[in-house]
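Notebook open. I wanted to look up a few side chains and jot down what turned up.

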Amino acid sequence: MTTQAARTEQPLLSVQDLKIQIQMDNGVMHAVDGVDFDIYKGKTLGLVGESGCGKSLTSRSIISINPKECETTGNIVYHSESEKALNNLNLLSLPPTGKKIRSIRGRKIAMIFQEPMTAFSPMYTIGNQIMEAILIHRTKDKKEAKKIALEMLAKVGISDQEKRFDQYPHEFSGGMRQRAMISMALSCNPELLIADEPTTALDVTIQAQVLELMRELQKELGMAILLVTHDLGIIAQMCDEVAVMYLGKIVEQAPVKEIFYNPKHPYTKGLLKSMPRLGGTKSKRLDSIEGSVPMPIDMPPMCGFYERCKDRIEGVCNTKAVPKTYISDQHSVRCFLYSDQLEGEAQ
Amino acid sequence: MLQYIIKRILLVIPVVILISFVVFYIIQLPPGDYVSSYSAKMSAAGDVMTQAEMDEMRANLGLDRPVYEQYFVWMKKIILHGDFGFSFNFNKPVIDVVGQYMGLTIVVSLVTMLFQYAVAIPIGIYTAVKQYSAGDYFFSGLSFIGMATPNFLLAIILMYLSYTWFGDPLLGLFSNEYVNAPWSMEKVFDLMKHLIIPVIVIGLSSTADLVRIMRGQMLDELNKPNVVTARAKGLSEWSILWKYPTRAALNPIVSTLGWSLSSIFTGATITAIVLNLPIQGPVMYNALLGQDMYLAGSWLLFMALLTVVGTLISDILLAWLDPKIRTEFRGN
């Protein structure tokens, strides 16, 4: 197929043909099935999809923190500008509990999670948990680590840091906890921040604040963000590029404007239609996508969206694997409606 | 925090008083008293006591007075003079009998407790971390067997094995030559050697219990998001294991510390009889049989006190371990 010619810049992280399989009692589940994407320095890639589509597994496989039942293949190549030793490094080739991947986790690639209450341990102070990463990666000196941690807390907008530092997670509000989480993730100036549903557990006003904070810090620190979410509103606000995931595959990938104004895949179109809009006609009910997601266990080669698709082509969509088609340099889609392979085979 | 501790200690006082009365009352409940069981013994030996002799003996021992009066006399002596009464069986003050057995009882109990935690906690952690591995199945199977084996049976088996392998059933807590010898290094070693079987026998079933509890707790904790967060920070698996799941899994174990102390005290009676251990179980048993009421009452009182103190200690420990409880005090 064609290549992404337009970008000459080297990606910070390149995920190639990522597959995650989980052995179940009734067969092998192909939770992630051939995912490719690139993340560029200072940019935000949104990974959007419904629950169970494999987006969290994909994001966690980057730093190898998936449960050990997950069998992961493919390449996740990391290009660090700042460190020669980490340039062109396939993260998946590293042993998941080894020293090398641990030196990347938290320092080069940091992660924030959905539920900041459970992501922090109730047993230790916020300060203790923030200092942990600093003590591993930046300095051995506790006083200095504390100084850095306090600076980070100030940076994410937590006032009275000295007092907050010695408090426990249950003494923080939800939004505060997520701020603390962000300060913990950014304490070692990572080049990539993976945010797995960072605002799902927060209410809307706090959500807006936290997203704003992430954007500001991105501008200041120049890191890339991989934003995992099911919320297209957040995607529109935050991302430069979007990958839409369905049933372990990326079905459409494009710059954010393309996705919203020129969606191609029937699933993407369905998602956009099911999104409430300001100023829309009030009486109209929101569209929803009919049917439910099948389990990706022992599926024959076919489009995973076939059962729910309004534009399906019988005998084509349910008989073979869908190849990736490039609509433009940066816009790709996995759908036979746009595939030139159809005519090619008809001849 | 200090306020909480003081409050808890003050609460202990009425509980202990109530327990002491209940204990005393229950001991009085069975028909007959020490005098009747004594006269029965005498008549078995061919010496018949007349009613007048029995009444005189009752009056001497204060057994002819109503229960509450006996109780108040007993309590008054305890509080004012530290006098727990007189053991009819041993023919010496209760406090002396208690003193004679209490030391070794505490040694056996504490060593057993240490053994339990030292064995159960690492095995619990191991079986959780390596869930469904061969090692997990082995230890889980072993702990089920441990829970199901009656300890007197195990005591007999171990005595037999020790006799066939080492030529010594390791009965009692000391070899003959050390029983009345003054304390020395050799005597301590001898005690250690003799402690092995009792500690295994007394501690096995609760060790097995603890393994299961620890394993379950650890499995819960290992799947918590805070473990994933710690991993994402770049911590090594060992540091994660110690700092997060293990620390959190210890809380419920600590909160049961109070009762386990007293259950070791009471649970060891049959084992102690089988193994001929000079600890409180058999003494208590004989005191109850012979209606030696002051001795039995004092022992029960001590045990109740131990349970209450144990619970108090584990409450305080828990308050200190759990930040949610601790910070509540700081807030006040």
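For my notes, helices are DSSP runs of H or I with at least four residues, strands are runs of E with at least two, and both are numbered from the N terminus. This is a predicted model, where local features need pLDDT of at least 70 and side-chain atom pairs count only at pLDDT 80 or more, while totals for chains, interfaces and linings use all residues. Residues are numbered from 1 along each chain as its sequence is written, chains are lettered from A and ligands numbered from 1 in the order written, and side-chain values use heavy atoms, with hydrogens and water left out.

Entry one, aromatics. I searched the whole structure and got 18 aromatic pairs over all chains (Phe, Tyr or Trp rings, the six-membered one for Trp, with centres within 6.5 Å; planes under 30 degrees apart are stacked, over 60 edge-to-face, the rest tilted). B:Phe21 and B:Tyr25 are stacked, 6.4 Å centre to centre with 15° between the planes. Both lie in helix 1 (residues 2-28) of chain B, four residues apart, about one turn. I also looked at B:Trp238 and B:Trp242, which stack at 6.1 Å and 25°. They are four residues apart in helix 10 (residues 237-255) of chain B, so about one helical turn separates them. B:Trp238 is exposed at 60% relative accessibility (buried is under 20% relative accessible area, exposed over 50%, partly exposed in between; 1.4 Å probe, protein chains only). B:Trp242 is partly exposed at 47%.

I found A:Glu252 in strand 10 (residues 249-255) of chain A. Its side chain makes a polar contact with the side chain of A:His331 at 2.5 Å (N or O atoms within 3.5 Å; within protein, one must be able to donate a hydrogen and the other to accept it, and sequence-adjacent residues count only if both atoms are side-chain atoms).
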